[in-house]
Amino acid sequence: MRAHNFGAGPCTLPLQVLEEAQAEFTDFAGSGMSLVELSHRSAEYDAVHRRALELTRSVSRAPEDFAILFVQGGATLQFAMAPMNLLGPDERAGYVVSGSWGQAALADGAVVADAYPAWDGATDSYRRMPGAGEVTVQPGTRFLHVTSNETIGGIRMTALPDVDVPLVADMSSDYLSRPIDWDRYDLVYGGVQKNLGPAGMAVVFVRRSALDRVAPRLPKYLDYRWHAESDSLGNTPPMFPIYLMAKVLAGMEAMGGIEAVERAAEDKAALLYAAIDGSDGFYANPVDPEARSLMNVVFTLPNADLEKEFLAGAAQRHMIGLKGHRSVGGCRASLYAALPRASVEALCDYLAEFRRGH
Ligand code: PMP
C-alpha cells in the first residue's frame, strides 16, 4: 500500500505522475532511451523543457516581465543568489525573520551583502507573522525578503508587509498553492520538492528589469541573466526533476489551476485543525490562529511519552513523517498538494482513536 506521507519534504507526489514516469522510464517518447539518458540538446528533451516552462508560467500566472529559471542548489543557493544579483553598490536588503527559514535566508544574505533584520519574531517564539506597521525598512533598502510559509514553525504569511520596497520571497513550502500578487515582487523562489516535484532544483521567477538594473559581475552559474538568456539550458539542467514537475503542474492545471489547489489545501488543513481544536486540549496547535499554515500543521500532545506512543502507532498505520522538526519537537503533519484528502481523514481518525485510548 501507499504510505500516508506527511513528511515535510521531499514529500508525496501524485501516484498518477509516478506511474506515468514508470511506464515511460526505459523508452521515452519512442527514443529507445530513458529520459535520463537523453541529451539535454535532443528534440525529445527540448519538448519536455519547453512544456515545463510553459506550465510553470500558466499555473503561476507570472507575467511575461518575469523570467522563469530552473536552478540547481535548492532554495538554499537562492539565499545567496538573490542578494548577489539584485543589490547594487551601497544597497541593502531587509529580512522578515519569521522562523528558521527566514533566519537561514538572512544568515546567508549577510555573507554576501549588507543584510539586516527588518522584523524578528523571536520574542513571540516565531508563532506569528508581522502585523501592519511592524516591519521597518532602513534607508537604502533594495528589497525586503519574506518567507511565505515557515515549514518548521507552521506559520504562513497572509498579509504582505506594508513597505514601499519590492519583495523577494522564499515560497518553498507553499509554492503555487495560492495566487501570487506579482506586482509586489521582484523575485520569487522556492525548492520544488514539496508541492511540485522531486528534489534537485529551485524554480526562480525574477523581474527582468531588476536584472538589467545592476548587472553585477558574477560566475555564470550564479548569474540570473545567464540562466534567463539560455532558458535554463546554459549547462545540463536537472532533467528528471523538470520532467516530473511538468507532470505535476499539468495535473494542477487539469484540476482547475492555482485556485483549485488552494481550495484543496484549505479543505485539508481545515479538517486537521478542526480535529486538533476539537480535542479539548489533548492536542494543541501553538501558533497564532491568523498565521496557521495550510501546509505544515504543528501540534503537541500532553507529554513526551504520549507523543512517542502516538508516533509509533502512526507508523503502524503507515502514517509517516509526523515527528516535528528536531529544533522544535512536537508533531507536524505536512499536507502538501499531492497528499490525498483520504490521508488527512485517516490521520484525523487516528487522532480521535488515540485520544479515546488515553
Ligand atoms: N526555505 C524553506 C521555507 C524550506 O522549507 C526549505 C527546506 N525545507 C528551504 C528553504 C531549503 O530548501 P532546499 O533544501 O531546497 O535548499
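## Close-up views

**Figure 1. P10 lies in the loop between β1 (4–5) and α1.** Helices (H or I, at least four residues) and strands (E, at least two) are DSSP runs, numbered from the N terminus. This is a predicted model, in which local features need pLDDT of at least 70 and side-chain atom pairs count only at pLDDT 80 or more, while totals for chains, interfaces and linings use all residues. Residues are numbered from 1 along each chain as its sequence is written, and side-chain values use heavy atoms, with hydrogens and water left out. The peptide bond that joins G9 and P10 is cis, with an omega of about -5°. Most peptide bonds are trans.

**Figure 2. S31 is found in the loop between α1 (15–24) and α2.** The side chain of S31 reaches the backbone oxygen of F28 at 2.7 Å. This is a polar contact (a pair of N or O atoms within 3.5 Å; within protein, one must be able to donate a hydrogen and the other to accept it, and residues adjacent in sequence count only if both atoms are side-chain atoms). Leaving out residues up to four places away in sequence, S31 touches L38 and E44. Contact means heavy atoms within 4.5 Å.

**Figure 3. Seven strands form an open sheet with mixed pairing.** The strand order is β2-β10-β9-β8-β5-β3-β4, where two strands pair if DSSP finds at least two bridges between them. β2 (66–71) and β4 (114–120) are at the edges with a single partner strand each, so one side of each has no neighbour in the sheet. On average, neighbouring strands are turned by 20° against each other, direction ignored. Axes are lines fitted to C-alpha atoms, for helices over the stretch in contact, and angles run from 0 to 180 degrees between N-to-C directions. β9 (residues 185–191) and β10 (residues 202–207) run antiparallel and are joined by five bridges. Y189 stands opposite V204 in β10.

**Figure 4. Helices α2 and α4 lie across strands.** Helix α4 (residues 100–112) lies across β3 (92–97), β4, β5 (141–147), β8 (167–170) and β9, at about 160° to β3.

**Figure 5. The residues around the ligand include G74, F79, W101, N149 and D170.** The shell divides into three nonpolar, seven polar and two charged residues. Here Ala, Val, Leu, Ile, Met, Phe, Trp, Tyr, Cys and Pro count as nonpolar, Asp, Glu, Lys and Arg as charged, and the others, Gly among them, as polar.

Figure 6. The protein covers 84% of the 390 Å² of accessible area that the ligand has on its own. Accessible areas come from the Shrake-Rupley method with a 1.4 Å probe.

Terms used. Near = heavy atom within 4 Å.
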